[in-house]
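Hi,

Here is the structure I promised to pass on.

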Amino acid sequence: MSDSHSSQSFETVAIHAGNTADPLTGAVVPPIYQVSTYKQDEVGGLRGGYEYSRSANPTRTALEENLAALEGGRRGLAFASGLAAEDCLLRTLLGPGDHVVIPNDAYGGTFRLFAKVVSRWGVEWSVADTSDPAAVRAAITPRTKAVWVETPSNPLLGITDIEATARIAREAGARLVVDNTFASPYLQQPLALGADVVVHSMTKYMGGHSDVVGGALVVNDDALGEELAYHQNAMGAVAGPFDSWLVLRGVKTLAVRMDRHSENAERIVDMLTRHARVTEVLYPGLSSHPGHEVAAKQMKAFGGMVSFRVEGGEEAAVEVCNRAQLFTLGESLGGVESLIEHPGRMTHASTAGSALEVPADLVRLSVGIESADDLLADLRQALG
């Protein structure tokens with residue numbers, strides 16, 4: 001994080017970091033540099049370090065500076081998707097014979113990357129309940145190079161103590177990677193708690209409007225940042241200039257959006273906990289949630305993601321999803337509009353038959369920023 005923003009509040013940083021007024025026109029929004037190559041003044045004489053937009057692009061640079069500032073890191077990197085960011089990170093950190101600890105509750109795409117792609121080139125992985133520090137410690141081997149966590153997790157909203165897990169990873173000589181997508185940097189800052197790498201799907205809360213796909217990595221280690229940048233350029237899955245511009249636009253309202261997402265989610269959770277057809281509500285803001293105290297310690301609020309289980313099993317859960325009207329039936333999350341989905345048949349279908357398989361009666365909500373009264377009315381009619 002640059003010194004110019006280190007003393008500023010999050011809301012100020014979100015709007016100003018990386019968003020320098022255009023020196024030519026004074027435009028307060030960074031231009032979209034929709035360009036592939038750049039004129040060089042002489043052989044090797046680059047203007048601002050730009051030669052080819054896979055290697056660097058001014059709009060992407062603005063976003064990367066913003067990402068680093070928001071997470072309190074030294075280097076931010078923007079990718080074409082969250083999975084592209086994860087792939088670059090894994091190929092940078094790991095080689096054949098290395099081992100990774102992954103959570104027993106992880107995004108289906110992350111699980112697929114480990115189980116079907118990374119494992120083919122000799123990287124081993126094992127599953128642990130990352131909400132239990134003892135389980136993480138037990139899963140680590142002499143070949144463990146990384147511990148991977150999501151907190152809150154997707155879709156069961158599990159909570160991992162970042163500070164405690166960072167200590168365990170550090171003792172083992174491994175790096176702690178935290179997927180911060182569900183919380184966003186407004187609610188949680190893993191680097192300050194000891195994490196080595198923060199991962200984001202910028203498609204979600206960072207962009208916030210369901211109109212862009214992107215991913216990010218943020219680190220505090222300059223050497224690791226350089227190594228990641230080398231692999232990013234060599235592999236090429238970079239965020240395009242328009243996508244970078246869209247995320248920069250979305251981030252400016254991240255704080256106010258997350259406040260509203262969290263407020264709406266709390267009202268929905270209150271209704272669901274009292275509904276006769278709901279057998280369990282999964283939300284870290286509930287005092288009954290096993291990770292509530294840890295979440296309260298490391299999060300500013302509890303976010304806009306809510307999962308719940310329905311009486312009647314899988315078909316009943318699917319029926320609830322199909323009956324919703326204001327909640328849009330769809331994958332993804334973190335947009336201003338509310339979404340509903342059945343993880344077992346949609347986002348987490350790839351985990352079927354594995355240790356990460358999700359309950360068949362589970363429904364996941366991404367609570368948007370609409371009127372909470374309207375959202376509650378829709379859920380009541382969907383539940384019947």
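Helix α8 covers residues 222-235, and its 14 residues should span 20 Å at 1.5 Å a residue, which agrees with end C-alpha atoms 20 Å apart. The expected span is 1.5 Å times one less than the number of residues, and helices here are DSSP runs (H or I, at least four residues; strands are E, at least two), numbered from the N terminus.

This is a predicted model, where local features need pLDDT of at least 70 and side-chain atom pairs count only at 80 or more, while totals for chains, interfaces and linings use all residues. Residues are numbered from 1 along each chain as its sequence is written, and side-chain values use heavy atoms, with hydrogens and water left out.

Back to α8: Leu 224, Gly 225, Leu 228, Ala 229, His 231 and Gln 232 are buried (under 20% relative accessible area with a 1.4 Å probe, protein chains only; exposed is over 50%, partly exposed in between). Down the helix axis these buried residues fall within an arc of 165° (taken from the directions from the axis to the C-beta atoms), so they line one face of α8. The face turned away from that side carries exposed Ala 223, Tyr 230 and Ala 234. Among the elements covering the buried residues are α2 (58-70), β1 (75-79) and α3 (82-93), with contact meaning heavy atoms within 4.5 Å.

As for the ends, α8 is followed by Gly 236, whose phi is positive, near 90°.

Cheers
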